[in-house]
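Reader: I am new to this structure. Please show me how to read a few of its features.

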Amino acid sequence: MTPASAHDPEAEMYSTSLADAPLVREPLHTPVAHLIRGGVVEGIHYGSVVVLGADGEVQLQLGDIEAAFHPRSALKPLQAAAMARAGLPLDGDLLSLSAASHSGEERHLAGSRRILGLAGLTEDHLRNVPDLPFDPVVRDAWVREGRLPSRLAQNCSGKHAAMLYACVLNGWSLDDYLDPAHPLQQAIAEIVEDLTGQRIAAVTVDGCGAPLFSISLHGLARAAARITTAAPGTPEARVADAMREHSEMSSGSGRDVATLMRAVPGLLAKDGFEGVQVAALPDGRAVAVKIADGANRARLPVAAAALAWAGVDPEVLGEFQGEALLGGGRAVGHVRPVRSLEPVVVSACA
């Protein structure tokens, strides 16, 4: 029984229509990408991939798409949708920031302050962990200026500010808003189950301190598809619209997820630590990727290959095949998705 339905008979009756929680087990990952150097397979990235068709059916699966896993920040669009359902009145850039793993640019810090200001709160009310900006360039400048880690600079500050605003609007307590038993977190858990179509397998703590709900990779893809196909004006559609129209607020300038959303019309995309990527198109086609070793270098090439397999024009995805591997300062290799993920277009091996 999840926190959202613990003492609510109506919610308990609703929960019986959900699929069982995914099993907590060692995932049966499979090779999803090869590290090619000089024409030789130097390394192999294992992981799992799922591609859903517009009808919601699984069109491709590699590895283990049904085991419980941690979606990390790829869960943020669902958290933002839950807050919107709970009455969060934000739209546009601030709603996008509410679902962000931002870079710590000034626009992100200013946006988090604006959300807190709307709630009548300050940075002191935040309970996320202090950190330096996520973007390396921004972080280096921050350090040169002698600035210390702060809760606003931490990449989840927009989400935390929005969580506090939702609590103020609903009359919920503020100091314990990260407790899994808090009404806000119960509401988020309920919507995670609603959009994934399955019970939550486990609850732990994410890096920022917020509750992290364990679901399946299949469930994550299904949730993303439901957000992008939601009726106009619904909380889910508002989140999708905000993230697509203000992709720089849900990530940052030059971040690959923002670039990917700008390149593929109508695409909603969100990454997460430990090699997680989810993306969905307005017609319900969706992909979700988990790289077993958490390697970021394999995340985007594999996701791009999955999108090409789902029908996105491979030429549009050409720039998302990953950075070249260098030897002596020149390109001598690359990360190449496994052939099961063709028809993505890849360059010849160096």
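Author: Start with helix 12, which gives the most to the lining of the largest pocket, with five residues. The model is a predicted one.

Reader: How is empty space found in the first place?

Author: The general idea is that a probe the size of a water molecule, rolled over the atoms, shows where empty space is left. In this structure, the largest pocket holds about 540 Å³ of space.

Reader: Which residues lie nearest the centre of the largest pocket?

Author: D256, N296, R297, R299 and L300 lie nearest its centre, out of 26 lining residues. Helix 12 spans 296–309, and strand 7 spans 268–272; each supplies at least two residues of the lining.

Reader: How do the lining residues of the largest pocket divide into nonpolar, polar and charged?

Author: Ten are polar, nine are charged and seven are nonpolar.

Reader: Now the surface. Which residues make the nonpolar surface patch of about 260 Å²?

Author: That patch is made by V41, I44 and Y46. Y46 sits in strand 2, which covers residues 40–52.

Reader: What is the relative accessibility of A187?

Author: A187 has 21% relative accessibility, so A187 also counts as partly exposed. Its place is in helix 7, residues 183–196.

Reader: How far apart are A187 and R85 in sequence and in space?

Author: In sequence, A187 and R85 are 102 residues apart; in space, they are 8.9 Å apart, C-alpha to C-alpha.

Key. Residues are numbered from 1 along each chain as its sequence is written. This is a predicted model: local features need pLDDT of at least 70, side-chain atom pairs count only at pLDDT 80 or more; totals for chains, interfaces and linings use all residues. Side-chain values use heavy atoms; hydrogens and water are left out. Patches are made of residues with over 30% relative accessible area and no salt bridge: like charges are joined within 9 Å, nonpolar side chains (Val, Leu, Ile, Met, Phe, Trp, Tyr) within 5 Å. Accessible areas come from the Shrake-Rupley method with a 1.4 Å probe; for residues, only the protein chains shown count as cover. A salt bridge is a side-chain nitrogen of Lys or Arg within 4 Å of a carboxyl oxygen of Asp or Glu. Helices (H or I, at least four residues) and strands (E, at least two) are DSSP runs, numbered from the N terminus. On a 1 Å grid over the protein atoms alone, a cavity is a set of points where a 1.4 Å probe fits but cannot get out, and a pocket is an open set with protein on both sides within 12 Å along at least five of seven lines; lining residues have an atom within 4 Å of a point. Grid points are joined across faces, edges and corners, and a volume is the space filled by probe spheres set on the points. Ala, Val, Leu, Ile, Met, Phe, Trp, Tyr, Cys and Pro count as nonpolar, Asp, Glu, Lys and Arg as charged, and the others, Gly among them, as polar. Buried means under 20% relative accessible area, exposed over 50%, partly exposed in between (1.4 Å probe, protein chains only).
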